[in-house]
Each structure stands twice: as C-alpha cells, then as structure tokens.
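Hi everyone, thanks for having me. I'll take a few minutes to walk you through one model, strand by strand and then charge by charge. Have a look at it first.

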Amino acid sequence: MPKSILVITAMDIEYKAATQRARGAEIEFSKKFRLKFTEVKSENTIIRVLKSGIGGVNAGVALALMLEKYDVNAVVLLGVGGALDTRL
C-alpha cells in the first residue's frame with residue numbers, strides 16, 4: 001500500500017503555492033465545511049494538499065475529517081507562522 005502524506009494549509013496563497021506544480025485532481029471533500037484538497041499519486045506515495053482555513057481549530061477539524069476517511073502516514077502543516085514569505 002502506498003504511503004500517504006497530508007499537507008494542511010490555512011490560506012489560499014499557501015494552498016496555491018503548494019499545488020501550483022501538482023498534476024493532480026482537486027477534490028471537494030466536505031461541502032459543509034467547504035474543504036477541498038488536491039491529490040497527487042505516484043507508485044509509492046499519495047500526497048493530499050488540503051486547505052483547512054485559518055486557525056488551529058480549523059486545522060484540527062480538517063485533520064479529524066481526513067483521518068476518518070483516509071489512512072495518513074504523515075502530516076505537514078504549512079503556514080503555522082501566520083504568513084507566506086517568498087524569501088524562504
């Protein structure tokens with residue numbers, strides 16, 4: 001079974017930066033919580049980039065919903081510091 005990595009972003013700018021080169025499918029995950037993610041698959045890895053909205057509560061809810069439906073081997077949070085800096 002392929003490894004699964006979940007990348008959680010808060011804002012559109014982070015989501016777009018994380019997915020701009022991805023050649024994956026954008027999937028609407030939850031209409032109620034307005035969650036979407038982009039999924040990129042390779043032979044050994046599935047990477048899902050999810051936009052959760054701003055704040056720890058939104059990230060936690062999005063993570064819980066994803067864990068309920070998908071097996072996840074690793075979680076990466078983007079934007080924890082509050083801003084995207086193009087110099088990094």
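**Strands and salt bridges**

So, S2 and S3 run antiparallel, joined by 5 bridges. Two strands count as paired if DSSP finds at least two bridges between them, and the strands (E, at least two residues) and helices (H or I, at least four) are DSSP runs, numbered from the N terminus.

Quick housekeeping: this is a predicted model, where local features need pLDDT of at least 70 and side-chain atom pairs count only at pLDDT 80 or more, while totals for chains, interfaces and linings use all residues. Residues are numbered from 1 along each chain as its sequence is written, and side-chain values use heavy atoms, with hydrogens and water left out. The average pLDDT, the predictor's confidence in each residue from 0 to 100, is 88 for the protein, and 91% of the residues score at least 70.

Back to the strands. Between S2 and S3 there's a hairpin with 4 residues, where Arg 34 takes a positive phi near 55°. S3 (residues 35-41) also runs antiparallel to S4, with 6 bridges, and a hairpin of 3 residues connects them. S4 pairs with S1 too, in the parallel sense, over 7 bridges.

Is S4 enclosed or open? Largely enclosed by the rest of the structure, because 5 of its 7 residues are buried. Buried means under 20% relative accessible area, exposed means over 50%, and partly exposed is in between (1.4 Å probe, protein chains only).

Now follow the lysines. Glu 28 has Lys 36 as its bridge partner in S3, Lys 36 stands opposite Lys 51 in S4, and Lys 51 is the bridge partner of Thr 9.

How many salt bridges does a search of the whole structure find? It finds 4, counting a side-chain nitrogen of Lys or Arg within 4 Å of a carboxyl oxygen of Asp or Glu. Lys 51 forms one with Asp 12, with the closest N and O atoms 2.6 Å apart. That pair links distant parts of the chain, strand S4 and helix H1, 39 residues apart.

Lys 36 makes a salt bridge with Glu 26, at 3.8 Å from N to O. Lys 36 sits in strand S3 and Glu 26 in strand S2, so this pair ties together parts 10 residues apart in sequence.

Last one: Arg 48 and Glu 39 meet at 2.7 Å, N to O, and both are buried. Shared partners join Glu 39, Lys 41 and Arg 48 into one salt-bridge network.
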